[in-house]
Amino acid sequence: MDGYMSNYRQLGSAIILQAVDDYRAARQAYMNCPKDYKAKAVMQECENFFLSDRFTVFTNLDGKALLENLRKEVE
């Protein structure tokens, strides 16, 4: 059972890290070109994920705090 849970945690971590990478890239693209609606849509999708119940399935992190830190990072 421990192996299964370890794999589950690794998958959850990978999903969150990918969402963070996607958010950073989309935010940078949007800041460079505010008419980049695809970047805006990706940002919104990531924001919704960070604030969702699905996010808490994968981690004990505070999604709202993570999002605030990501926003500050790009400013």
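Is Cys46 buried or exposed? At 7% relative accessibility, Cys46 counts as buried, where buried means under 20% relative accessible area, exposed over 50% and partly exposed in between (1.4 Å probe, protein chains only).

The model shown is predicted, with local features needing pLDDT of at least 70 and side-chain atom pairs counting only at pLDDT 80 or more, while totals for chains, interfaces and linings use all residues. Residues are numbered from 1 along each chain as its sequence is written, and side-chain values use heavy atoms, with hydrogens and water left out.

**View A. Cysteines Cys33 and Cys46.** A disulfide is a pair of cysteine sulfur atoms within 2.5 Å, and by this rule the count is zero. Cys33 is in no disulfide, the nearest cysteine sulfur being that of Cys46, 18 Å away; this is too far for a bond. Cys33 is partly exposed, with a relative accessible area of 38%.

**View B. The largest nonpolar core, with 14 residues.** Such a core is a set of buried Ala, Val, Leu, Ile, Met, Phe, Trp, Tyr and Cys residues joined through side-chain atoms within 4.5 Å. Those with the most contacts inside the core are Val20, Tyr23, Phe49, Phe50, Phe55, Leu66 and Leu70. H1, helix H2 (37-50) and helix H4 (63-74) each supply at least two core residues; helices (H or I, at least four residues) and strands (E, at least two) are DSSP runs, numbered from the N terminus. Beyond four places away in sequence, Tyr23 touches residues including Met43, Cys46, Glu47 and Arg71, contact meaning heavy atoms within 4.5 Å.

**View C. The two salt bridges of the structure.** A salt bridge is a side-chain nitrogen of Lys or Arg within 4 Å of a carboxyl oxygen of Asp or Glu. Glu73 pairs with Arg24, the closest N and O atoms being 2.5 Å apart. This pair links helix H4 (Glu73) to helix H1 (Arg24), 49 residues apart. Glu47 pairs with Arg71, with closest N and O atoms 3.4 Å apart. Glu47 lies in helix H2 and Arg71 in helix H4, so this bridge ties together parts 24 residues apart in sequence. Glu47 counts as buried at 11% relative accessibility, whereas Arg71 counts as partly exposed at 31%.

**View D. A nonpolar surface patch formed by Tyr4, Met5, Tyr8 and Val57.** Together these residues have about 380 Å² of accessible area, from the Shrake-Rupley method with a 1.4 Å probe; for residues, only the protein chains shown count as cover. Patches are made of residues with over 30% relative accessible area and no salt bridge, like charges being joined within 9 Å and nonpolar side chains (Val, Leu, Ile, Met, Phe, Trp, Tyr) within 5 Å. Helix H1 (residues 2-32) gives the largest share, three residues.
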